[in-house]
Amino acid sequence: MDTTNTAAQHARTTTGARMTPAQYAHIVGWGMAVPETVMTNDDISAIVETSDEWIQARTGIRERRIASASESTATLGLKAAQRALEVADVLPAELDLIICATSTPEHIFPSAASLIQSWLGANNAGAFDLSAACSGFVYGVHMAAQAIRSGSTRTVLVLGAETMSRVMDWNDRSTCILFGDGAGAVVLKASDVEGGVLSAVLRSDGTGGDLLGIPSVGSHDIDGVTEISNGHKFGKMHMNGGEVFKFATRVIADSLTQAAQQAGIALADVKLIVPHQANARILHSAARSLKISESLFMTNIDRYGNTSAASIPIALCEAIQQGRIQANDYIAFVGFGGGLTWASMVVQWGSPEVTPGSPSFINRQRRQLSYRLAAWRRALLRASRSIGSSFIRLRPTQGRMDRLKHKAERYPFD
Ligand code: COA
């Protein structure tokens, strides 16, 4: 018996509506946000010993964006999310799930996804951060598509959002030249129209965990190597560039080929590959080993550097802007990075039936209202909690001690 289908037939969305499982998960909205501050290679050469010529020749990067003091992973993610909802013409209350792929959340918890959920007023959505470094966005889109196909959700927001500048060791010229800040987001929706996410190949090789990392809370021995005493710095990225370079060129070719096979198409049928933007030379080598034209790869690394989980959705937004993706095209995503992790995916871009038109005036007003209500709700809840705790503090201490004693007697094992 196919229990998956039976279960799915009885599924309800998070809003409680009974629903039939959708066969297809389509990307129907997209948006990006990058900080205004531009840091050029010349700016970096004022900090560490390097040059514009060296960085451009070895990486293809000319400049990157750096978050201001008032910007964070979640604030950039919020802007990208609002733009994606606008394109999809989806209301925050329609979201069932928010997944934020990031390695640079403000907190271990609350997640950046939860912050974004509350700022949007997406009160019917679950939210969590996904940690798969630069592969995170592809992992997230796969999770979203699977949740949609299971019948438990209909509308999912997936983000890649990062403030890499906050985890850079600005004395380490082999890493700080590479990374930048930004966010991208997509909205996926259930549909009966054939296409959308067709395949996904997710992989990990934790034996390469020491090649690329950010020591964080609880970081100590990994396979006998003490993270902090081996020269790595708490909260700062370390990387073995040469080894990561070799790993990346190898996995791009293998996993793209597998994702195409799984989708039942030839790689030659793919119109555009939107890869993680790590190094222009990595893409050059990957194109050579796949025997495809380098122009099949969408690149914008020259302007943003490596924005980790945000790089694929940002490149996707720019590819759409440039008219490089048309209805029914097969496109592929490929991500790779810390973990080590890597992931490829083939998507058949929405046909006109699933591609949104221009957002309705009413829905635009309703989204703005949702954002304002969310801010008031947050302020009200915080105020009422702080008034509540002030009252507790004002209650006589003796009375509180008596109540605690009484409770301890009643529930001795609490
Ligand atoms: N400016 C000038 N010189 C630099 C430099 C910099 N920013 N960084 C390193 N160098 C020097 C090195 O010290 C070395 O000097 P030496 O020969 O005197 O020892 C020389 O340049 C070559 O270093 P090497 O590390 O071999 O350079 P490379 O060609 O491998 O380029 C990276 C270094 C980091 C650009 C490259 O390895 C890379 O991009 N790796 C992949 C990183 C990546 O994509 N990470 C994210 C994955 S998600």
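Colleague: At about what angle does helix α5 (residues 112-120) run to β4?
Modeller: First, a caveat: this is a predicted model, where local features need pLDDT of at least 70, side-chain atom pairs count only at pLDDT 80 or more, and totals for chains, interfaces and linings use all residues. Residues are numbered from 1 along each chain as its sequence is written. Helices (H or I, at least four residues) and strands (E, at least two) are DSSP runs numbered from the N terminus, and α5 lies across β4, β5 and β6. Angles run from 0 to 180 degrees between N-to-C directions, with axes as lines fitted to C-alpha atoms, for helices over the stretch in contact, and for α5 against β4 that comes to about 135°.

Colleague: What is the strand order of the open sheet of 5 strands?
Modeller: Two strands pair if DSSP finds at least two bridges between them, and here the pairing is mixed. Reading across the sheet gives β1-β7-β6-β4-β5.

Colleague: Which strands stand at its edges?
Modeller: Look for strands with a single partner, because one side of each is then left without a neighbour in the sheet. From one strand to the next, the twist averages 20°. The edge strands are β1 (24-33) and β5 (126-130).

Colleague: Which strands of that sheet does helix α4 (residues 73-88) touch?
Modeller: The helix packs on the sheet, and its direction makes about 125° with that of β1.

Colleague: How many of the residues of strand β6 (residues 155-163) are buried?
Modeller: A residue is buried if 20 or more other C-beta atoms lie within 10 Å of its own, exposed if 12 or fewer, and partly exposed in between, with C-beta atoms placed from the backbone. Residues including Thr155 and Leu157 point one way from β6, while others such as Val156 and Val158 point the other way, and all are buried. That puts the buried count for β6 at 9 of 9.

Colleague: Which residue in β7 stands opposite Val158?
Modeller: β6 has partners to go through here: strand β4 (residues 97-101) pairs with β6 in the parallel sense over 5 bridges, with Ile99 facing Val158 as its bridge partner. Strand β7 (residues 181-191) pairs with β6 in the antiparallel sense over 9 bridges. The β7 residue opposite Val158 is Val186.

Colleague: Is helix α6 enclosed or open, going by its burial?
Modeller: Its buried residues include Phe137, Tyr139 and Ile148. Since 11 of the 15 residues of α6 are buried, the rest of the structure leaves it largely enclosed.

Colleague: How far does α6 reach from its first C-alpha to its last?
Modeller: The expected span of a helix is 1.5 Å times one less than its number of residues. α6 has 15 residues, and its reach is close to the expected 21 Å. The computed value is 21 Å.

Colleague: And at about what angle does α6 run to β15?
Modeller: Helix α6 (residues 136-150) lies across β8, β14 and β15. Those strands belong to a mixed open sheet of 4 strands in the order β8-β15-β14-β13, whose edge strands are β8 (196-204) and β13 (270-275). The angle between α6 and β15 is about 55°.

Colleague: How many bridges join β14 to strand β15 (residues 341-348)?
Modeller: The two strands run antiparallel. Gly337 stands opposite Thr341 in β15. The bridge count between β14 and β15 is 8.

Colleague: Why does Ile325 count as partly exposed?
Modeller: Its place is in the loop between α11 (311-321) and β14 (330-337). Two residues are in contact if their C-beta atoms, placed from the backbone, lie within 7 Å, and beyond four places in sequence Ile325 has contacts including Leu272 and Trp349. Ile325 is partly exposed because its C-beta neighbours inside 10 Å number 19.

Colleague: Which helix gives the most to the shell around the ligand?
Modeller: A residue is near a molecule or strand if its C-beta atom, placed from the backbone, lies within 6 Å of it, and 18 residues surround the ligand, with Thr50 and Arg173 among the closest. α3 (52-59), α7 (173-176) and α8 (241-263) each supply at least two residues. With 5 residues, the top contributor is α8.

Colleague: How many of the shell residues are charged?
Modeller: Ala, Val, Leu, Ile, Met, Phe, Trp, Tyr, Cys and Pro count as nonpolar, Asp, Glu, Lys and Arg as charged, and the others, Gly among them, as polar. The shell has 8 nonpolar and 8 polar residues, and its charged residues number 2.
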